[in-house]
Amino acid sequence: MVEPVTTSDTPWLEADAEPLIRIKGVSKKFGDFTAVNNVDLDIYQGELFCLLGGSGCGKTTLLRMLAGFETPTAGQIFIDGVDMVDVPPYERPTNMMFQSYALFPHMTVEKNVAFGLKQDKVPKDEIAERVHNILKLVELEEFKKRKPQQLSGGQRQRVALARALVKEPKVLLLDEPLAALDKKLREQTQFELANIQEQVGVTFVVVTHDQEEAMTLSTRIAVMDKGEFQQIGTPTEIYEFPDNRFVADFIGSANIVEGKVIEDGSDYVLVSTDLGDVHIDHEDSVKEGSQVWVAIRPEKIQLSKTDPGKSGPNHITGKVDDIGYLGEMSIYLVRLESGQIVDVTSPNQIRPRTKSQGITWEDEVYLSWESSSVMLLNK
Amino acid sequence: MLARLLRKMQSKWRTIVIVIPFIWLLLFFLAPFFIVGKISLAELKIASPPFTEMFDWKDGGFPKIRLVFDNYLYLWEDSLYFRTYLNSLKISIISTFICLLIGYPIAYGIVRSGPITKQLLLFAVILPFWTSFLLRVYAWMGLLADQGTINNLLIWIGLIDEPIRMLYNEFAVYVGIVYTYMPFMILPLYANMEKLDGTLNEAAADLGSKPTNTFFNVTLPLTMPGIIAGSLLVFIPATGEYVIPDLLGGGNVLMIGRLLFNEFSANTDWPLASAVAVVLLILLVLPMTIYQYYQGKATEAEA
């Protein structure tokens, strides 16, 4: 298939790398409503890029502009260096996998997959061979004579993928590729999809509202809200180093509290909040007295029934308000003296000695966290 | 106990729901058809009713059965009937095709229009039904006549000097049939297209198909059920049409409905008229039954 232009695993970090897709100042308005507002984005060859956001955030509109179904109100889209704005969908080097799969109900699996190749006037034997190979890849060879309505949801999803991939597009666009599958199948298919992408080397742009899907699949994620990118980065960057409150809150869960900077040291900041005075490892200088937000992920807080000894700078006590027992871990809602509720998740690493042992409602607990685990947000 | 009673009642209701339309069809379709069939096998007689009886009870005991196939033989021998059947089929096939050519884009346009426009356009399609069918055909006579609205207008504009003959020929019959049966083409097509998934067109375009190609390879095959339903709804009544050829075609257009009426009313030859009707019914029902049979097989294969 297409040879990767760069050999690097992180092409977005290289100054001279040429992006495969360049989105420049693109906006899309529907009447008064701005679906996409002046966004810039570079996507590189071989990436599995996720556009992540809630419904109505503009992610699907952006994808449809890449496919050519919507024309940008302003801005430019380049694919492999070619301006795409005036190129109709049927001449673009992109293929799309639709959320509803959009399989042709009057054609067999084989004919569905061959449809795109026929349009390109590919010779008959070559069509047969390529269809055969792609159906083998998605493990659907024995179903090639079936009609879409005779297949299960997971099989249809794979037909849709095969139909889009068989044309060997430069870019494969996937609109909520796993949304129609049930949970078990979705988890299994996530890895399959990533594997296939690795095998064929085609650049994938995936739209999803499911953060877990985005985290497991992608090389990079763009978090969208209200038609704008809130942050673009690798899954780790987005999760551990969110740019703002929206991203911190949208990806995973986080205890976010407002606070005032009371001390700005050379490698730390002290912030006064409802969690007490929070000590944060922070290199950059922050103005004393300025308003900031402090975010701590629930799994980064240690919880214990006994006083762990005042080792670190960040510790506080509270009462257990509610418990969610999930088996492999538990979620605790702890009420502090200030009235603030803190979310804590704790893996159940040790099996309790008896059936009734463990932390229960109204227990007094000690919370502590590392100053390196706290995220300081200024918007 | 109660559940069993309920189930019993349910099955009773189911029977009633099926039986009522069955009886209706039996009484008002099948029974009349057998009467017509029986008359078609009788002989003309100057009497009231004007045909011979099929069963002769005179000698008592087992009745004698008289079946006369002369009427059918006559239809076969006199080329007038053959030509008239053929001409009726020709006119209804061409009319159906014209209805399809005009109705398809109209239905497509209605499906694609906004919610308010859609309601208005659908209303416009049904609106003609609010006026009597006969009145509307008379209106066409006024439009198409030598001294009619269209000719007068064309002469007034100066496009023509002499009126164009548009009434009392096949052209007028085509205009009448296409006009009258157009809603029967548009409505089933609309119902079919409304269900069509628009993303299929996008998918085709995405896979490299140009709009015309998408139409012939995706839209057209998927609207085939609508095309067939609409075409049957136009073709069947158009073949037996009587009023339109009589009023707009004058004496110049041979159509089986008019011939049937002539035999029945002017010649009072009920047996021959019945034979004409039976042959017409077979001509229409046979292709439909064959189509339904294969359609049923196809859906069975898919399930």
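This is a predicted model: local features need pLDDT of at least 70, side-chain atom pairs count only at pLDDT 80 or more; totals for chains, interfaces and linings use all residues.
Which residues in helix 7 of chain B meet which residues in helix 10 of chain B? Residues are numbered from 1 along each chain as its sequence is written, while chains are lettered from A and ligands numbered from 1 in the order in which they are written.

**View 1. Helix 7 and helix 10 of chain B in contact.** B:Ile177, B:Tyr181, B:Phe184, B:Met185, B:Pro188, B:Leu189, B:Ala191, B:Asn192 and B:Met193 in helix 7 meet B:Pro225, B:Gly226, B:Ile227, B:Ala229, B:Gly230, B:Leu233, B:Val234, B:Pro237 and B:Ala238 in helix 10, where contact requires C-beta atoms, placed from the backbone, within 7 Å. By class, the residues of this contact are 15 nonpolar, three polar and no charged (Ala, Val, Leu, Ile, Met, Phe, Trp, Tyr, Cys and Pro count as nonpolar, Asp, Glu, Lys and Arg as charged, and the others, Gly among them, as polar).

**View 2. The sheet of chain A.** Six strands form an open sheet of mixed pairing in the order 6-7-8-3-9-10, two strands being paired if DSSP finds at least two bridges between them; strands are DSSP runs of E of at least two residues, and helices runs of H or I of at least four, numbered from the N terminus. Strand 6 (94-97) and strand 10 (228-233) of chain A are the edge strands, each pairing on one side only. Strand 3 (residues 48-52) and strand 8 (residues 203-208) of chain A pair in the parallel sense over five bridges, and A:Leu51 has A:Val207 in strand 8 as its bridge partner.

**View 3. The two domains of chain A.** The domain assignment, which is automatic or from a database, gives domain 1 (18-248) and domain 2 (253-377) of chain A, whose C-alpha centres lie 39 Å apart. Four residues of domain 1 are in contact with six residues of domain 2, and the side of domain 1 that touches domain 2 divides into two nonpolar, one polar and one charged.

**View 4. The contact of chain A with chain B.** Chain A gives 17 residues to this contact and chain B gives 15 residues. On the side of chain A, strand 6 and helix 2 (109-119) are the elements that give two or more residues, and helix 2 gives the most, with three residues.

Technical notes. Two residues are in contact if their C-beta atoms, placed from the backbone, lie within 7 Å.
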